[in-house]
Amino acid sequence: MAVKSVNASHILLNKEKDADNIMARLAKGENFEDLAKRFSKCPSKSKGGSLGWFKRGEMVKEFEDACFNGKTGDIVKVKTEFGYHIIKIVDQK
């Protein structure tokens, strides 16, 4: 069954080097929400990076593709016109 909507959080960064650094910290077990509050350039950082639920057509294509093609629990890095996003796929339905 195709994914209809996604609940995701993200950390927005300006440089790929910074995104790679955050990915490494996550791999070592650091808390996603804490890192989002500290480093993200998006206003969603106040909510630990949470973007809540969204459907196709509500986000830029690269971001949306990563969210809808991944699976719940995945953490992925993607580049968009806004910068580098580290996306945590919280849930899908």
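Trainee: Which exposed residues does α1 carry on the face turned away from its buried side?

Mentor: Heads up, this is a predicted model: local features need pLDDT of at least 70, side-chain atom pairs count only at pLDDT 80 or more, and totals for chains, interfaces and linings use all residues. Residues are numbered from 1 along each chain as its sequence is written, and side-chain values use heavy atoms, leaving out hydrogens and water. Helices (H or I, at least four residues) and strands (E, at least two) are DSSP runs, numbered from the N terminus. Buried means under 20% relative accessible area, exposed over 50% and partly exposed in between (1.4 Å probe, protein chains only), and the exposed residues on that face of α1 are Lys17 and Ala27.

Trainee: And which residues of α1 are buried?

Mentor: Seen down the axis of a helix, the arc is that of the directions from the axis to the C-beta atoms. The list for α1 is Ala19, Ile22, Arg25 and Leu26. These fall within an arc of 120 degrees, so they line one face of the helix. So, for your notes, the buried ones are Ala19, Ile22, Arg25 and Leu26.

Trainee: How far apart are the end C-alpha atoms of α1?

Mentor: The expected span of a helix is 1.5 Å times one less than its number of residues. With twelve residues (16-27), α1 should span 16 Å, and that agrees with the separation of its end C-alpha atoms, 16 Å.

Trainee: What do the buried residues of α3 pack against?

Mentor: Helix α3 runs over residues 61-69, and its buried residues are Phe63, Glu64, Ala66, Cys67 and Phe68. Contact means heavy atoms within 4.5 Å. The packing partners are β1 (5-13), β2 (50-55), β3 (75-80) and β4 (83-92).

Trainee: Which rings make up the aromatic cluster?

Mentor: Rings of Phe, Tyr and Trp (its six-membered ring) pair if their centres lie within 6.5 Å; planes under 30 degrees apart are stacked, over 60 edge-to-face and the rest tilted. That rule gives two aromatic pairs: Phe54 and Phe63 have centres 6.2 Å apart and planes at 50 degrees, so that pair is tilted, while Phe54 and Phe68, at 6.2 Å and 70 degrees, are edge-to-face. Together the ring pairs join Phe54, Phe63 and Phe68.

Trainee: How many disulfides does the structure hold?

Mentor: You'd need a pair of cysteine sulfur atoms within 2.5 Å. The sulfur of Cys42 has its closest cysteine sulfur in Cys67, 13 Å away, too far for a bond. Both are tucked in, though: Cys42 is buried at 16% relative accessible area, and Cys67 counts as buried at 0%. The disulfide count is zero.

Trainee: Is Ser44 buried or exposed?

Mentor: Ser44 lies in the loop between α2 (32-39) and β2. Leaving aside neighbours within four places in sequence, Ser44 is in contact with His10, Gly49, Ser50 and Leu51. At a relative accessible area of 6%, Ser44 is buried.

Trainee: Which residue has its charged end over the ring of Trp53?

Mentor: A charge sits over a ring if NZ of Lys or CZ of Arg is within 6 Å of the ring centre and within 35 degrees of the ring normal. Here the charged end is 4.4 Å from the centre of the Trp53 ring, and it belongs to Lys93.
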